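I opened the notebook to record what I looked up, one item at a time. The entries below follow the order of my checks.

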Amino acid sequence: MTDAKTDAIPGTDRPGFDRRLLPPMMLGSVLNPINSTIISVALVPIGTALGAPVSQTAWLVSALYLATSLGQPVVGRLIDLFGPRRLFLISTSLVGVAGVVGTLAPNLGVLIVARVLLGFGTCAGYPAAMALLRSEARRTGRDSPGGVLTALAVANQTIAVIGPLLGGLLIAAGGWRATFALNVPLAVAAVLLGLWRLPRTVPAPGEPRPAAARLDLPGMALFAATLTSLLLFLMNLHPRDWYLLLIAAAAGTAFALRELRATDPFIDLRVLGGNTPLIATYGRALVAYVVSYAFLYGFSQWTEEGYGLSPFHAGLAQIPMFLMAIGVSILSGRRKGVRAKLLTGAVGQIVACLLILTLSGKSPFWTLPLVALVFGVPQGLNNLALQNSVYFQADPDRIASSAGLLRTFAYLGSMVASSATAASFGRHADTAGMHHLAWVMLGAGVLYLLLTVSDRTLGRATAADAQPAK
């Protein structure tokens, strides 16, 4: 429970959503994507400055993904127990520490540590936003977060557009260290907004056990071991790393046994196992992000190596995708239900993959932004629909950890996409490799469509409560 206060909705005696929560929610939620996108233009100058090859600087990307994949559900569970304010302030403070460490890093190892700190520090923003939405729904009696969820989606997609450009400007002005220093003022702003705007959590009346006593530390540790070993295997698929799968299986089995017996499990597998719609949403998220990240990783590499564009022009070719995604999110965000969004997104992915199969090194340039434009439709719809699905399908008391798990499955998809891209291209991102990757993407897109068509529960959770946000 929180002590938020707001004015009533004009013309009614019902309280409205507390708009004062929006600034910290928006800033907190973009801390992760801004650090994910800026690093893309900083890898080359970092490698040059520190004398590190591409195989080593790649860990600057993987370190943040690993930390975020693990941290999102863990921090989300802590938010469920202790409230969003406390965890938001701690995590965003860690972002500032990571910014200082990265700015002053003498070598690549310390820089990787800074990225790990950034991964954990940016974990609270999205789960905290979802928890605040749920608490506001309880306070106002209006389960209609459509406008706010749309704003979160648009904010993240906007960062995807300006992140690389901002990174380039920072590097031009102050070198690659400026991309880490940026986190210091962002963290200060987030902490101040959190102190000023986020409500304090009031213990729920009649709660039999204090929040600290409900922490499932063994479950969290086993979850970390399972996920870390699985992600390390997916990051570099090779038969010699089979032992990582064995560790993941053993740790996963121990995790399941622990959670089924725990009084207050970290992830309540008994409830989750009975929540088929939420499990289906997580499955859709994984395959959807396989397609999304494979396009982001693979298409940009092919436009440079296989088609012959400069990095600058390759980036310009993808701008239509982000602009289309923003427009689609804004137009569809206030409409009820998710089934139509998911179906259209699935079809959009399939059409985009089929268009990629028609491309070659001699295709007209206009075909490249056309493909990106088509891909923008599922980008805008899928992100929003999956986010809305989790909001309505998850246990309200575990909304933050459930939102964190959505991001974990998204990053699992990104790891699969990265491995598929590496296997398809080998040493050179040629047209044959792009077509091979497109077939993989097409298979994932068809699976996404089948998962959506066969799910008869879609729309039921939102139909009764979702009304246009005011």
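I began with disulfides, and the count came to zero. The model is a predicted one, and I read every entry below with that in mind.

C123 has 0% relative accessibility, so I noted it as buried, the cut-off being under 20%. C353 also comes out at 0% relative accessibility and therefore counts as buried.

Next I turned to the nonpolar core. Which residues have the most contacts inside the largest one? I found I46 and M441, in a core of 132 residues. Helix α13, residues 276–305, gives this core its largest share, 13 residues. As background, I noted that nonpolar side chains tend to be buried together in soluble globular proteins.

Setting aside neighbours within four places in sequence, I listed its contacts as V291, A294, F295, C353, I356, F375 and M434.

T421 was my next entry. I placed T421 in helix α17, which covers residues 399–425. Is T421 buried or exposed? T421 counts as buried because its relative accessibility is 4%. The T421 side chain reaches the backbone oxygen of A417 at 2.8 Å. Beyond neighbours within four places in sequence, I found T421 in contact with A294, Y297, G298, Q301 and L437.

Last, I checked helix α6, residues 125–140. From first C-alpha to last, this 16-residue helix reaches 22 Å, close to the 22 Å expected at 1.5 Å a residue. I recorded α6 as mostly covered, with 14 of its 16 residues buried.

Conventions
Residues numbered from 1 in each chain as written. Predicted model: local features only at pLDDT ≥ 70, side-chain atom pairs only at ≥ 80, totals over all residues. Heavy atoms only, no water. Helix = DSSP H or I, 4+ residues; strand = E, 2+ residues; numbered from the N terminus. Buried < 20%, exposed > 50% of the residue type's maximum accessible area, 1.4 Å probe, protein only. Polar contact = N/O pair within 3.5 Å; in protein donor to acceptor, adjacent residues only side chain to side chain. Contact = heavy atoms within 4.5 Å. Core = buried A, V, L, I, M, F, W, Y, C linked by side-chain atoms within 4.5 Å. Expected span 1.5 Å × (residues − 1). Disulfide = S-S within 2.5 Å.
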